[in-house]
Amino acid sequence: MTKSTRLTDLQLILLSTASARPDGNLLPLPDSIGGDRDRADKAIVPLFERGLVEERAIEERGHCWREHDDERIGLFISHAGIALIAPEADNTPPDNSEAADPRSLAPTKPSKTALVLDLLRREGGASIDELIAATGWLPHTTRAALTGLRKKGHAVVRDKIDGATCYLIMPVLAE
């Protein structure tokens with residue numbers, strides 16, 4: 001990342017969580033943050049200032065960022081936020097329109113280990129930053145998970161692609 005797009009671990013967790021939600025809302029806070037709203041608010045302000053998140057009117061009080069003149073305002077990931085957190089995505093932020101009611105969608109959340117395996121299996125693998133953003137884990141936890149996958153028999157290798165370190169699973173060759 002360039003210096004202008006450097007994000008803290010907490011900011012990466014917030015953007016990653018929002019990008020995975022059907023409506024793209026940053027709230028409610030992910031469980032990994034532990035409900036520390038003050039800390040999250042301090043991390044959200046720079047995201048808003050950089051245009052990585054945007055405000056929109058919402059109905060649900062629990063997903064409210066702030067209130068203004070009896071109107072609830074939520075905080076949602078923007079096009080720029082999606083482009084930063086998931087460059088391979090189509091960069092279309094979810095909306096909170098009535099046509100796409102998130103309550104009507106059944107939650108299908110893969111385990112974090114399954115998510116890591118999917119990222120490692122894609123062409124080019126995944127960088128440690130991509131794995132951290134996708135899982136919300138700290139760097140040392142992410143590296144420990146890679147070691148655990150190796151111990152379970154997965155052929156996780158470290159490689160350099162265009163000067164950047166990435167991790168990938170080598171395909172098993174048929175004998």
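Trainee: What do the buried residues of α2 pack against?

Mentor: Their partners are α1 (9-20), β1 (53-58) and β3 (71-77). Keep in mind that we are looking at a predicted model. The buried residues of α2 are A40, A43, I44 and L47.

Trainee: What makes α2 close to the expected span of a helix?

Mentor: Helix α2 covers residues 37-49, which is 13 residues. The expected span is 1.5 Å times one less than the number of residues. For α2 that gives 18 Å, and the distance from its first C-alpha to its last is 18 Å as well, so the helix is close to expectation. After α2 comes G51, with a positive phi near 80°.

Trainee: Where is L52, and why is L52 called buried?

Mentor: You will find L52 in the loop between α2 and β1. A residue is buried when its relative accessible area is under 20%. L52 has 7%, so L52 counts as buried.

Trainee: Which residues is L52 in contact with, leaving aside its neighbours within four places in sequence?

Mentor: The list is L7, L15, L47, F76, I77, S78, A80, G81 and L84. To be called a contact, heavy atoms must lie within 4.5 Å. There is also a C-alpha distance to look at: L52 and H79 are 7.3 Å apart in space, although 27 residues separate them in sequence.

Trainee: What makes a group of residues a nonpolar core, and how many residues does the largest one have?

Mentor: The members must be buried residues of nonpolar kinds such as Leu and Ile, joined through side-chain atoms within 4.5 Å. The largest core has 24 residues, and those with the most contacts inside it are L14, L15, L26, L47 and I85. The elements giving two or more residues to this core are α1, α2, β3 and α3 (79-85). Its largest share, 6 residues, comes from α1. A second, separate core has 14 residues, including V116, L117, I132 and W137. In soluble globular proteins, nonpolar side chains tend to be buried together.

Trainee: What is L15 in contact with beyond its neighbours within four places in sequence?

Mentor: L15 touches L7, L47, L52, V53, I77 and I85.

Trainee: Why is the pair of E54 and R56 called a salt bridge?

Mentor: The rule asks for a side-chain nitrogen of Lys or Arg within 4 Å of a carboxyl oxygen of Asp or Glu. Between the side chains of E54 and R56, the N to O distance is 3.3 Å, so the pair qualifies.

Trainee: Is R56 buried or exposed, and how do you know?

Mentor: R56 has a relative accessible area of 18%, and the limit is under 20%, so R56 counts as buried. E54 has 28%, which falls between 20% and 50%, so E54 is partly exposed.

Trainee: What makes us say that R56 lies over the face of F76?

Mentor: For Arg, CZ has to be within 6 Å of the ring centre and within 35 degrees of the ring normal. R56 is at 4.4 Å from the ring centre of F76 and is counted as lying over its face.

Trainee: How many aromatic pairs does the structure hold?

Mentor: The count is 0. To pair, ring centres would have to lie within 6.5 Å.

Trainee: How many salt bridges are there by this rule?

Mentor: The count comes to 3. One of them joins E55 and R66, whose closest N and O atoms are 2.7 Å apart. E55 lies in strand β1 and R66 in strand β2 (residues 66-68), so the pair ties together parts that are 11 residues apart in sequence. Another is formed by the side chains of R122 and E130, at 2.8 Å, N to O.

Trainee: Why is D162 called exposed?

Mentor: Exposed means over 50% relative accessible area. D162 has 82%, so D162 is exposed. The residue sits in the loop between β4 (156-161) and β5 (164-169).

Trainee: How do you know whether the peptide bond from L27 to P28 is cis or trans?

Mentor: Look at omega: the angle is near 5°, and the bond is cis. P28 belongs to the loop between α1 and α2.

Terms used
Residues numbered from 1 in each chain as written. Predicted model: local features only at pLDDT ≥ 70, side-chain atom pairs only at ≥ 80, totals over all residues. Heavy atoms only, no water. Helix = DSSP H or I, 4+ residues; strand = E, 2+ residues; numbered from the N terminus. Buried < 20%, exposed > 50% of the residue type's maximum accessible area, 1.4 Å probe, protein only. Phe/Tyr/Trp six-rings, centres within 6.5 Å; stacked < 30°, edge-to-face > 60°.
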